[in-house]
Amino acid sequence: MESRTERSARGPQSQFQQAAGKLMDKRAIITGGDSGIGRAVAILFAMEGANSLITYLPEEEKDAQETKRRVEETGRTCCTIAVDLRTKENCRKVVETALEQLGGIDILVNNAGYQNMIEDIANLDEAQWERTFDTNIHPFFYLSKYSLPHMKSGSTIINCASVNAYVGRPDLLDYTSTKGAIVAFTRGLSNQQIGNGIRVNCVCPGPVWTPLIPATMTSQAMEQFSGVPIGRPGQPSEIATCFVFLASQDSSYISGQSLHPNGGVVVNG
């Protein structure tokens, strides 16, 4: 039987994104593109005319192929690469693959992440702390560093952070810390690159119903997952529209900023 949380996760029926060719023939790297927010970004980018390279872990091959199928239904290209981004060598491989298969890089979406709930710092294993940082922030640096020499004026980098960096979620201390680092990284890199005509922004989702949630959260945490003013978790497609906006010229006067699709939580961030 479907739980109350699962019912609320569906959200209201609404008209899907109406494409307008905002990313026509742009070339995007999207990390964590096999499911959730990453898949939704790949699909909406394709609807707007972009081709993409998605990254994912080897065990996520089936999901990645489904993303590829749905992107290609729009008539756009979706290249895939199964890779663990926790090493700089693999991050360099991703950039080289994008250059080879897409012919260039116009958009970098740093989205892949890891979380595991631990209630108290005393029980937070040092190995988990290191794994979370190695997954959630170090690849953002490597991929940006290796992509930027191939990006030109008008290119964009979009990083995925979280509302947790603003509310300080106690049972996700390592995850929350990395998301705060992503916000700071976004601001610093933006100020560094805006003179080159390259904009860097951030999306900070609130509770979103993705495969990561039932895989990493307790049943009690999931029952509380709708505790935002709107009263339900978001859908990945509702977050992906922010990425389309930041990747397109609609946001040409925005850089170094964070968008907050979080269900109405006021963060003053």
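## Salt bridges

A salt bridge here is a side-chain nitrogen of Lys or Arg within 4 Å of a carboxyl oxygen of Asp or Glu. Glu238 forms one with Arg232, with the closest N and O atoms 2.7 Å apart. Arg232 is buried at 17% relative accessible area (buried is under 20%, exposed over 50%, partly exposed in between; 1.4 Å probe, protein chains only). Glu238 is partly exposed at 36%. Shared partners join Arg27, Asp106 and Lys152 into one network of salt bridges.

The whole structure holds ten salt bridges. Among them is Asp250 with Lys22, at 2.7 Å, N to O. Asp250 sits in the loop between helix 11 (236–247) and strand 7 (258–259), and Lys22 in the loop between helix 1 (4–10) and strand 1 (27–30), so the pair ties together parts 228 residues apart in sequence. Helices (H or I, at least four residues) and strands (E, at least two) are DSSP runs, numbered from the N terminus.

## Model basis

This is a predicted model: local features need pLDDT of at least 70, side-chain atom pairs count only at pLDDT 80 or more, and totals for chains, interfaces and linings use all residues. Residues are numbered from 1 along each chain as its sequence is written, and side-chain values use heavy atoms, leaving out hydrogens and water.

## Aromatic rings

Tyr142 and Tyr146 form a stacked pair, 6.3 Å centre to centre with 15° between the planes. Rings of Phe, Tyr and Trp (its six-membered ring) pair if their centres lie within 6.5 Å; planes under 30 degrees apart are stacked, over 60 edge-to-face, the rest tilted. Both tyrosines lie in helix 6 (residues 138–147), four residues apart.
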